[in-house]
Amino acid sequence: MNRFAGQHLVKRTGIMLASVIVMGMGVGFFMLAEMGSDPFSTLNLGVSSKIEVSFGTWQAVFNVLLLIVVVLTDRSKLGLGTVGNMFLVGFSADVMKGFLVNVLPPAEELGFVVRVLLTLLGVSMQLVGCSFYVTCDLGMAPYDCVSYIVPERTKIPFRWWRISIDVACVAVGFACGASIGIGTLLMAFCTGPILPLLNRYVAGPVVGGNVEKNSM
């Protein structure tokens, strides 16, 4: 994990913090559009509504539980980025959703086309943000750690493993009452194939360094 050891730490830290906030803002757009969210957020939105706590609070709690699993399997993927993602994404989503509901009408008044555009914006923010924070190599969120640990240890292709766990998250979230839609489908089936390309051709050139490991 130390491909960038000693290299541009301030720059990478700034990019990482900005990227996880962008990811949270993307979830905020998903929440407003009500056309589904990314799989991990779908899981947490469903569970948080079921147990009646805020999305940000539950996501932080669940991330801590996943963190325990990662610590026991591969600590090398943990770092400042892990902490940033665990807490900033969920709370950034809560803040963004609160802002959007004050400046835009409810989903049912927005119209189908506007809701689709908001969803696509959320998808783009999630994928690009995820790519930059992973490429900064300052530690991954527990969920993303699992996405990489299993392929590395079993040789299961990253894209197929990611699709599998994303679908599982969607199923659990839906069972708990979370809405699913075009946003859910796009994130579930596009993250695996698209994330490695973004790592190599978008985030890699900006961050600098070798991105082979994150381009599985």
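## A buried ring and its partner

Phe40 counts as buried because its relative accessibility is 9%; buried means under 20% relative accessible area, exposed over 50% and partly exposed in between, with a 1.4 Å probe and protein chains only. This is a predicted model, where local features need pLDDT of at least 70 and side-chain atom pairs count only at pLDDT 80 or more, while totals for chains, interfaces and linings use all residues. Residues are numbered from 1 along each chain as its sequence is written, and side-chain values use heavy atoms, with hydrogens and water left out.

What about the other rings? A search of the whole structure turns up four aromatic pairs (rings of Phe, Tyr and Trp, with the six-membered ring for Trp, pair if their centres lie within 6.5 Å; planes under 30 degrees apart are stacked, over 60 edge-to-face, the rest tilted). In one of them, Phe40 and Tyr143 are stacked, 4.6 Å centre to centre with 20 degrees between the planes. Phe40 sits in helix α2 and Tyr143 in helix α7 (residues 142-154), so this pair links distant parts of the chain, 103 residues apart (helices are DSSP runs of H or I, at least four residues, and strands runs of E, at least two, numbered from the N terminus). Tyr143 is buried too, at 8% relative accessibility.

Tyr148 and Phe158 form another stacked pair, with 4.7 Å centre to centre and 25 degrees between the planes. Because Tyr148 lies in helix α7 and Phe158 in helix α8 (residues 158-175), the pair ties together parts that are 10 residues apart in sequence. Both Tyr148 and Phe158 are buried.

Ring pairs also join Phe40, Trp58, Phe62 and Tyr143 into a cluster.

## The nonpolar cores

The largest nonpolar core has 21 residues (a core is a set of buried Ala, Val, Leu, Ile, Met, Phe, Trp, Tyr and Cys residues joined through side-chain atoms within 4.5 Å). Helices α1, α6 (112-135), α7 and α9 (182-207) each supply at least two residues of this core. Another core, of 10 residues, lies apart from it and includes Phe62 and Tyr143.
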